[in-house]
Amino acid sequence: MAEVAVAEPSAVRQGRQLWLTLLALSTAGMVVSVQQTVVIPLLPRLMVTLGVPVAEVTWVFTASLLAGAVATPLLSRLGDMYGKKRMILFTVGLLVVGSVICALSGSLAVLIAGRALQGASAALIPLAIGMIRDSFPGTRVMTAIGVVSATMGVGGNLGMIVTGLIADRTPSHHPVFWITAALAAAALVLIALSAHDTGARAGGRPDFVGAVLLSLWLVCLLLAISKGNDWGWGSARVAGLFAGAAALCAVWVFSQLRLRAPMVRLHLLAGRRSLPANLASLLLGFAMFGSFTLISSFVQTPSSAGYGFGGSVLDVGVYALPSTLTMLVSSFMSGRLSARLGPAHSLALGAALCSAGFGWFTLFNASVLDLIGANALQGLGFGIAYAALGALAVQHVPMDQSGIASGINSLVRSIGGSVSGAATAALLTSITIAGTTLPSRDAYVLSFAIITVSALASAGVALVAGMMARGVSEVG
């Protein structure tokens with residue numbers, strides 16, 4: 001009896017500790033997601049303040065995604081090697097430093113540099129998923145991953161609301177970044193006090209050469225896409241950048257195959273079990289980040305253009321509230337849904353709902369009610385999809401590779417978002433109202449149609465993956 005009496009409080013303490021860890025990780029994930037979108041409503045204003053065209057100011061957003069794409073697999077690998085808590089604290093520290101640089105910036109170059117440091121903190125999400133898989137009992141892993149994964153969308157929408165509230169009171173972009181610096185500092189303290197490492201650590205050493213090669217071919221690719229309209233798609237510079245991206249990518253793949261402990265284990269990127277999850281993540285990242293930038297610009301377009309709502313920066317965040325609410329609700333349901341349907345089929349359902357939301361706004365975009373309804377539907381989808389994606393990415397890998405497997409999945413999602421930002425900016429720049437530089441309604445309709453197809457394709461990939469997994473289990 002004494003043993004039971006001692007064991008019971010111990011179990012209670014352990015449960016309390018796990019939920020404190022989840023609170024700390026979710027808070028940090030929320031702050032990381034806030035920084036990803038906090039500049040989106042400001043892009044039109046930054047064009048005027050800094051005197052730069054849309055293709056250049058978009059790099060304020062794209063630089064963050066690009067840095068996240070490079071840093072995520074590297075820091076995830078370091079987390080598996082040296083401890084996930086240590087690397088989580090490091091990533092949040094980068095967010096604090098980057099936020100302060102942005103808050104002090106007076107030029108586009110300095111702002112982009114600060115945003116790149118902020119973007120490196122995106123590695124926190126896969127590190128957090130790895131820590132959850134190490135720490136939580138199997139029955140709670142799905143729900144915990146769902147909660148942390150949902151912070152990507154919820155924090156993204158909250159970021160636009162915070163920006164709107166500040167922008168309504170001052171034309172300066174600096175206060176927004178002081179707020180992200182303060183939030184990140186608070187998250188840093190919370191993690192230091194609450195989170196604990198319990199997982200085994202993998203051996204090896206970091207692959208910095210792989211990180212450099214990855215960043216080089218991604219920069220070449222995104223620069224070619226974003227500058228295609230200005231320089232000409234058939235120009236020597238654009239063709240050279242595409243050729244350089246292909247060549248550097250080939251060198252990067254070769255380097256990853258040769259190393260015993262590469263930055264990206266290619267079997268976790270393109271293996272039979274990993275490829276569907278990563279391809280679905282790429283397509284879903286393209287859709288999600290594309291929608292953030294497109295909706296922000298569309299809402300702020302003056303109605304005199306024949307479309308748009310002439311909204312303020314604050315309106316962008318307010319119209320996103322339905323998405324935030326539905327995403328919160330669906331993320332808490334996602335654990336039970338994945339347990340019943342399986343992660344692949346849950347991902348297919350979530351991505352299909354996202355596609356339906358985007359498709360709605362592609363066809364019907366004359367009313368604010370259309371935007372609110374479409375946002376609510378896609379928020380419901382993202383809450384389900386990203387929770388399932390986090391579980392699917394680590395489902396078939398050893399425990400000591402959870403961080404890097406989740407990191408690779410986040411890598412391809414960031415690549416999808418980076419390409420989406422550059423591609424939609426190119427479309428909006430090239431299809432304009434006659435005699436102006438303002439994008440036409442057709443440019444937005446085409447862009448929304450593309451992200452609708454991207455989300456639908458993600459659902460298709462997930463559905464096929466689920467059918468394949470079921471076939472394998474039946475044969476077994």
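1. Start with a helix pair. H4 crosses H6 in a right-handed manner; a crossing counts as right-handed if the near helix is turned clockwise from the far one, and as left-handed if anticlockwise by less than a right angle. This is a predicted model, in which local features need pLDDT of at least 70, side-chain atom pairs count only at pLDDT 80 or more, and totals for chains, interfaces and linings use all residues. Residues are numbered from 1 along each chain as its sequence is written, and side-chain values use heavy atoms, with hydrogens and water left out.

2. H4 covers residues 59-82 and H6 covers residues 108-119. Helices are DSSP runs (H or I, at least four residues), numbered from the N terminus. The two axes come within 7 Å and cross at roughly 35°. Axes are lines fitted to C-alpha atoms over the stretch in contact, with angles from 0 to 180 degrees between N-to-C directions.

3. Which residues of H4 meet H6? They are Trp 59, Val 60, Phe 61, Ala 63, Ser 64, Ala 67 and Gly 68. Their partners in H6 are Leu 108, Leu 111, Ile 112, Arg 115, Ala 116 and Gly 119. Contact means heavy atoms within 4.5 Å. By class, the contact has nine nonpolar residues, three polar and one charged. Here Ala, Val, Leu, Ile, Met, Phe, Trp, Tyr, Cys and Pro are nonpolar, Asp, Glu, Lys and Arg are charged, and the others, Gly among them, are polar.

4. Now the domains. Domain 1 spans 16-207 and domain 2 spans 264-470; the bounds come from an automatic or database domain assignment. Their C-alpha centres lie 19 Å apart. Domain 1 puts 46 residues into the contact, and domain 2 puts in 53 residues.

5. The largest pocket has a volume of about 510 Å³. A pocket is an open set of points on a 1 Å grid over the protein atoms alone, with protein on both sides within 12 Å along at least five of seven lines; lining residues have an atom within 4 Å of a point. The volume is the space filled by probe spheres (1.4 Å probe) set on the points.

6. Each domain supplies at least three residues of the pocket lining. Helices H2 (43-50), H3 (54-57), H13 (275-300) and H18 (402-430) each give at least two. H18 gives the most, with five residues. The lining has 13 nonpolar, 10 polar and no charged residues.

7. Last, Leu 353. This residue sits in helix H16 (residues 343-363). Leu 353 touches Leu 377, Gln 378, Leu 380, Gly 381 and Ile 384, leaving out residues up to four places away in sequence.
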